[in-house]
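Please look at the model below together with its sequence.

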Amino acid sequence: MKDTRVLLGVTGGIAAYKAAALTSTLVQAGAIVDVIMTAEAERFITPLTFSSLTARPVYTSLWDAPERIPHIRLVREAHVVIVAPATANILGKLANGVADDLLSTALLAARIPIIVAPAMNSAMYEHPETQAHLQTLSERGITIVAPESGFLAERESGVGRLASEERLLDAIRLVISSGNGVLRGKRVAITAGPTREPMDPIRHLSNASTGAMGIALAREATARGAEVTLILGPTALLPPAGVRTIRVVTAQQMFDAAIADATGADLTIASAAVADWRPAEQSAQKLKKSDADLNVRMVRNPDILKTLGERKGGTFLVGFAAETQAHEENALEKLRNKNLDAIAVNDVSEERGFGTVENKLTLLFAGGEREELGTGSKPLLAARMLDAIAKRMEAAK
Ligand code: CTP
């Protein structure tokens, strides 16, 4: 952490006092910490606490700093910004672009990695609105350090306690170390999202994938200096700005794009949920209904990843396996079958995976090693996944 510049945002929750302990640990580890407090945070803890710990001024308002636009300078100078504790209010503001005080203004101006650590009453945390905001933030690449379960200020148990200091430090370290250089200048191809197999002009067969994991991987690889091509199926999610994105609809189109763009890449990650079959016939006109049942004959789609495995060359090839049972056995079978270097195993039986904020992944390598990537937001897991892959790519050189 030596000389790492951390901007810490403290918002108004009972866990604000824990931000003081975090500040102290960061300072002891050699980080330079600037603190922004919201007006509500000042009701729980005083700026003096933080300025004593950091030996630096603490910022509480857009208007009382010695300079006119402190929010821009603070986010330019920092390497990372972490909001801990983050109230439902600041999450809502950040997700919706509301900038009405120093912290929310600084967050909106930030072009550096953002980490938020929610802490609030469990009913507020579980409220669909809060969850929707977290989903939005996660999709934008913001790291969310999920709260823990335990005793809350309301003298009841539930989820909503600020994550442990260890987890907050882990998230900061991960974000800081992610520019470790292995992927700089490398060509990376990523398939993501579902595919859509039309029956007629308005009906199709598809699946629940949103492409969030592949988009997070593309964003993370780009942040690490890779030249990324994202081959993205039909999803409402936006690809990251600045990533060369090829939009496709069907498995065949994804196959064609992948063969053209992923061949010869340094790293290819197939995160797409490709439809295994497509209707044998596609009607040019809308099929008119009748009282009879409809039988649709389905034919196999090409296996993109398998084909890439057959023409692998020097590419480090990574697949995903979404399993509900015998996870690792099935995944290893896929790894061998498709000639992969690694496979990320996603347990979709635990209400994780498709369309969820949090995910749980294990990475298995062709050499027999395994790496538990744990549970977390897709951006966080994308970062961990690229860390683990970069390590193996480096070792294989
Ligand atoms: N994949 C692909 N092209 C396909 C099908 C799958 O590139 N036509 C890739 C996926 O992107 C993923 C991996 O292969 O990386 C998944 O392998 P797959 O054999 O399809 O397994 P699952 O879909 O997980 O499940 P199952 O074989 O059990 O149906």
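This is a predicted model: local features need pLDDT of at least 70, side-chain atom pairs count only at pLDDT 80 or more; totals for chains, interfaces and linings use all residues.

Residues are numbered from 1 along each chain as its sequence is written, and side-chain values use heavy atoms, with hydrogens and water left out.

The protein has 14 helices and 20 strands, taken as DSSP runs numbered from the N terminus (helices H or I, at least four residues; strands E, at least two). Its radius of gyration, taken over C-alpha atoms, is 23 Å, close to the 21 Å that the globule rule gives for 397 residues, so the protein is as compact as a globular protein of that length; the rule is 2.2 Å times the number of residues to the power 0.38.

Helix H1 (residues 16–28) and helix H3 (residues 47–54) have axes that come within 9 Å and cross at roughly 10 degrees, the axes being lines fitted to C-alpha atoms over the stretch in contact, with angles from 0 to 180 degrees between N-to-C directions. H1 is therefore roughly parallel to H3, a term for angles under 35 degrees. In H1, Ala-16, Ala-19, Ala-20, Thr-23, Ser-24 and Val-27 meet Thr-49, Phe-50, Leu-53 and Thr-54 of H3, where contact means heavy atoms within 4.5 Å.

Definitions and conventions
Angles under 35 degrees count as roughly parallel, over 145 as roughly antiparallel, 65 to 115 as roughly perpendicular and the rest as oblique.
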